[in-house]
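Subject: Structure handover

Hello,

Here is the structure we spoke about. Please open it alongside these notes.

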Amino acid sequence: MIESNIEILIVRSDDDFAGIKQVRQSVFVQEHHIPAEKEFDGNDYCATHILAKVDGKPAGTMRIRYFSDFVKFERMAVLKEFRKTDLADRIMNKGFDFVSRKGFKTVYGECKKELLSRWKACGYQPVEGAPQAEQNGMILIPIMRRLPQNPHAVTITMHPEVLNAREDEWEKESWNVLKKQKIGILMSCKRMVSANND
C-alpha cells in the first residue's frame, strides 16, 4: 500500500498524455532498452490510457485498445520505486471497471512466460489455441480474463446526454439527467396543481 495521494484516471488532457509517455519512456525505452519507435507505435492515438499519479506526478500507466468483442490491456508500466506497491493492481482494477462500464466482458493481454502463475492468481487464463509471441527476447503468453456483466454498463438506449458525456463520467451525467427529469416532473406537478386551483 502506498501512503501518498494517489489518483488513477483516464487520460483526457495533453499534460496527462505527456505523463504516460514519460513513464513508458523511463520503463520501456531507458530501463528495458526497447527502441522508442517500437514502444511509441502509433496506436497511442486510437487507444484509451490510464494514468496513475502519486502526489501529482506520473507513476504508472496502461493502454487499452478495443476489438469487436474484447479489449486488450497493454503497455502496463510502473516506475521502479512503486513496483513493490499495489499501484499496478489499482491501474488494472481501474481498467476492469472502465471497460465493463463500456459493456466489454473479455480482457486480453500478454504476459512473460515466467509470470504466468502470477497472472493466473489474478483471474487470467491462457488463451487456448493462441500462438505465443517473442518480443525483445521475451516469450509472451496470450492470456484472457472474463468480466462479469456490469449492471451499470452504458447501453444504446441511455439518454443522449449520457452517451455524449466525457469518458468515465457516464454515472455523473446519469445523475444530472435524473435531476433534470425530477425537476421537470416537479414543475409539471406544480403547474397541474396551480391549474386545478384556478
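One term before the findings. A nonpolar core here is a set of buried Ala, Val, Leu, Ile, Met, Phe, Trp, Tyr and Cys residues joined through side-chain atoms within 4.5 Å. Buried means under 20% relative accessible area.

Please note that this is a predicted model. The chain averages a pLDDT of 87, and 85% of the residues score at least 70. Among the elements, S2 has the highest mean pLDDT, at 98. Helix H6 (residues 170-197) has the lowest, at 57.

**Overall layout**

The chain has six helices and eight strands. From the N terminus the order is β-α-α-β-β-β-α-β-α-β-β-β-α-α. Of the 198 residues, 37% are buried. The accessible surface is about 12,300 Å², and carbon and sulfur atoms account for 53% of that. Take the contacts between residues at least 6 apart in sequence: 62% of them join residues at least 24 apart.

**Cores**

As a general point, nonpolar side chains tend to be buried together in soluble globular proteins. In this chain the largest nonpolar core has 36 residues. The residues with the most contacts inside that core are Ile64, Phe73, Leu87, Val99, Val107 and Tyr124. Helix H3 (residues 87-101) gives the largest share of this core, six residues. Apart from this core lies another, of five residues, including Leu9, Val11, Phe17 and Leu51.

What does isoleucine 64 contact, leaving aside its neighbours within four places in sequence? The list is Ala47, Thr48, Ile50, Val71, Lys72, Phe73, Gly95, Phe98 and Val99.

**Strand S2**

Start with S2, residues 48-54. Seven of its seven residues are buried, so S2 is largely enclosed by the rest of the structure. In a regular strand the side chains alternate between the two faces of the sheet. Here both faces of S2 are covered. Thr48, Ile50, Ala52 and Val54 are buried on one side. His49, Leu51 and Lys53 are buried on the other.

S2 pairs with two strands that I looked at:

- Strand S1 (residues 6-10) runs antiparallel to S2, with five bridges. Leucine 9 stands opposite leucine 51 in this pairing. Leu9 and Leu51 are also among the residues of the five-residue core.
- Strand S3 (residues 57-66) is antiparallel to S2 too, with seven bridges. Threonine 48 has isoleucine 64 as its bridge partner in S3. Thr48 is also on the contact list of isoleucine 64.

S2 and S3 form a hairpin with two residues between them. Aspartate 55 sits in that turn and has a positive phi of about 50°.

**Strand S3 and onwards**

How many of the ten residues of S3 are buried? Eight are, so S3 is largely enclosed by the rest of the structure. S3 also pairs with S4 in the antiparallel sense, over six bridges. Threonine 61 stands opposite alanine 77 in S4. These two strands form a hairpin with four residues between them.

Serine 68 is in the loop between S3 and S4 (71-78). Is serine 68 buried or exposed? Its relative accessible area is 73%, so serine 68 is exposed. The side chains of serine 68 and aspartate 69 make a polar contact of 3.4 Å. Phenylalanine 104 is 36 residues from serine 68 along the chain, and their C-alpha atoms are 9.4 Å apart.

**Asparagine 150**

Why does asparagine 150 count as buried? Its relative accessibility is 12%, and the cut-off for buried is under 20%.

The side chain of asparagine 150 has two polar partners to check. One is the side chain of serine 100, in a polar contact of 2.9 Å. The other is the backbone nitrogen of histidine 152, which lies 2.7 Å from a polar atom of the asparagine 150 side chain. Not counting residues up to four places away in sequence, asparagine 150 touches Asp97, Ser100 and Arg101.

Best wishes

Terms used
Residues are numbered from 1 along each chain as its sequence is written. This is a predicted model: local features need pLDDT of at least 70, side-chain atom pairs count only at pLDDT 80 or more; totals for chains, interfaces and linings use all residues. Side-chain values use heavy atoms; hydrogens and water are left out. Buried means under 20% relative accessible area, exposed over 50%, partly exposed in between (1.4 Å probe, protein chains only). Two strands pair if DSSP finds at least two bridges between them. Contact means heavy atoms within 4.5 Å. Accessible areas come from the Shrake-Rupley method with a 1.4 Å probe; for residues, only the protein chains shown count as cover. pLDDT is the predictor's confidence in each residue, from 0 to 100. A polar contact is a pair of N or O atoms within 3.5 Å; within protein, one must be able to donate a hydrogen and the other to accept it, and residues adjacent in sequence count only if both atoms are side-chain atoms.
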